Amino acid sequence: MSTFTHHIFVCINQRPQEDPRGCCADRGSERLHAFFKKEVDRLGLKGTVRANKAGCLDHCEYGPSIVIYPEGVWYWVGSEADVTEIMERHIVKGERVERLLMPGHKPGEKA
Ligand code: FES
């Protein structure tokens with residue numbers, strides 16, 4: 001049985017086109033989830049870090065939305081380059097990627 005150091009939850013929620021809230025799936029989150037998995041492999045973290053598909057994380061207006069545990073750090077992710085930066089800085093080095101922190105989850109902000 002694997003013991004994971006991190007779980008990365010990636011919202012892949014899909015809503016109807018007419019829904020005013022929009023959704024992460026329409027902004028490419030399935031592709032980004034797949035890229036997180038590729039990055040886990042590239043960095044040799046399979047069995048240590050898990051990128052999970054998630055339902056709506058209730059931050060739809062800022063998505064694609066992710067949250068990383070055990071830290072409970074929230075990010076919005078717009079591109080594969082963002083995924084790589086989160087993997088290399090947050091997961092590997094234990095840093096925070098300030099520019100990608102979800103609004104409402106930045107230092108000094110109330111969620
Ligand atoms: S649809 Fe992704 S956070 Fe709600």
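Entry 1, starting point. I looked up Glu 80 and found it in helix 2. Helices here are DSSP runs of H or I with at least four residues, strands are runs of E with at least two, and both are numbered from the N terminus. I note that this is a predicted model, in which local features need pLDDT of at least 70 and side-chain atom pairs count only at pLDDT 80 or more, while totals for chains, interfaces and linings use all residues. Residues are numbered from 1 along each chain as its sequence is written.

I counted 13 residues in helix 2, and its first and last C-alpha are 17 Å apart, close to the expected 18 Å at 1.5 Å a residue. The expected span is 1.5 Å times one less than the number of residues. Which residues of helix 2 are buried? I list Val 83, Ile 86, Met 87 and Ile 91. Their cover includes strand 1, helix 1, strand 2 and strand 4. After helix 2 comes Gly 94, with a positive phi near 75°.

I find two helices and four strands in the protein, and along the sequence they follow the pattern β-α-β-β-β-α. The radius of gyration is 14 Å, close to the 13 Å of the globule rule for 111 residues, so the protein is as compact as a globular protein of that length. That radius is taken over C-alpha atoms, and the rule is 2.2 Å times the number of residues to the power 0.38. The C-alpha trace spans about 40 × 30 × 25 Å along its principal axes. Of the 111 residues, 26% count as buried.

I then looked at contacts, meaning residue pairs whose C-beta atoms, placed from the backbone, lie within 7 Å. Among contacts between residues at least 6 apart in sequence, 59% join residues at least 24 apart.

I traced four strands in an open sheet with the order 2-1-3-4 and mixed pairing. Two strands pair if DSSP finds at least two bridges between them. The edges are strand 2 (49–54) and strand 4 (73–76), each of which pairs on one side only. Neighbouring strands are turned by 20° against each other on average, direction ignored. The axes behind that angle are lines fitted to C-alpha atoms, and angles run from 0 to 180 degrees between N-to-C directions.

Pair by pair, I noted the following. Strand 1 (residues 6–11) runs parallel to strand 2 over six bridges, with Phe 9 opposite Asn 52. Strand 1 is antiparallel to strand 3 over four bridges, with Val 10 opposite Ile 66. Strand 3 (residues 65–69) is antiparallel to strand 4 over four bridges. In that pair Ile 66 faces Tyr 75 and Ile 68 faces Val 73.

Which residues touch the most other members of the largest nonpolar core? Of its 21 residues, I find Val 10, Phe 36 and Val 83. A nonpolar core is a set of buried Ala, Val, Leu, Ile, Met, Phe, Trp, Tyr and Cys residues joined through C-beta atoms within 7 Å. Strand 1, helix 1 (29–42), strand 2, strand 4 and helix 2 (80–92) each give two or more residues to this core. Leaving aside neighbours within four places in sequence, the contacts of Val 10 include Leu 32, Phe 36, Ala 51 and Ile 66.

Most residues other than glycine have a negative phi, and most peptide bonds are trans. I found a cis bond between Gly 63 and Pro 64, with omega about 5°; Pro 64 is in the loop between strand 2 and strand 3. Another cis bond joins Tyr 69 and Pro 70, with omega about 20°, and Pro 70 is in the loop between strand 3 and strand 4. In that hairpin, with three residues between the strands, Gly 72 has a positive phi near 70°.

Asp 58 has a positive phi near 65° although it is not glycine. Asp 58 is in the loop between strand 2 and strand 3, and it counts as exposed because 10 other C-beta atoms lie within 10 Å.

Conventions:
A residue is buried if 20 or more other C-beta atoms lie within 10 Å of its own, exposed if 12 or fewer, and partly exposed in between; C-beta atoms are placed from the backbone. Two residues are in contact if their C-beta atoms, placed from the backbone, lie within 7 Å.
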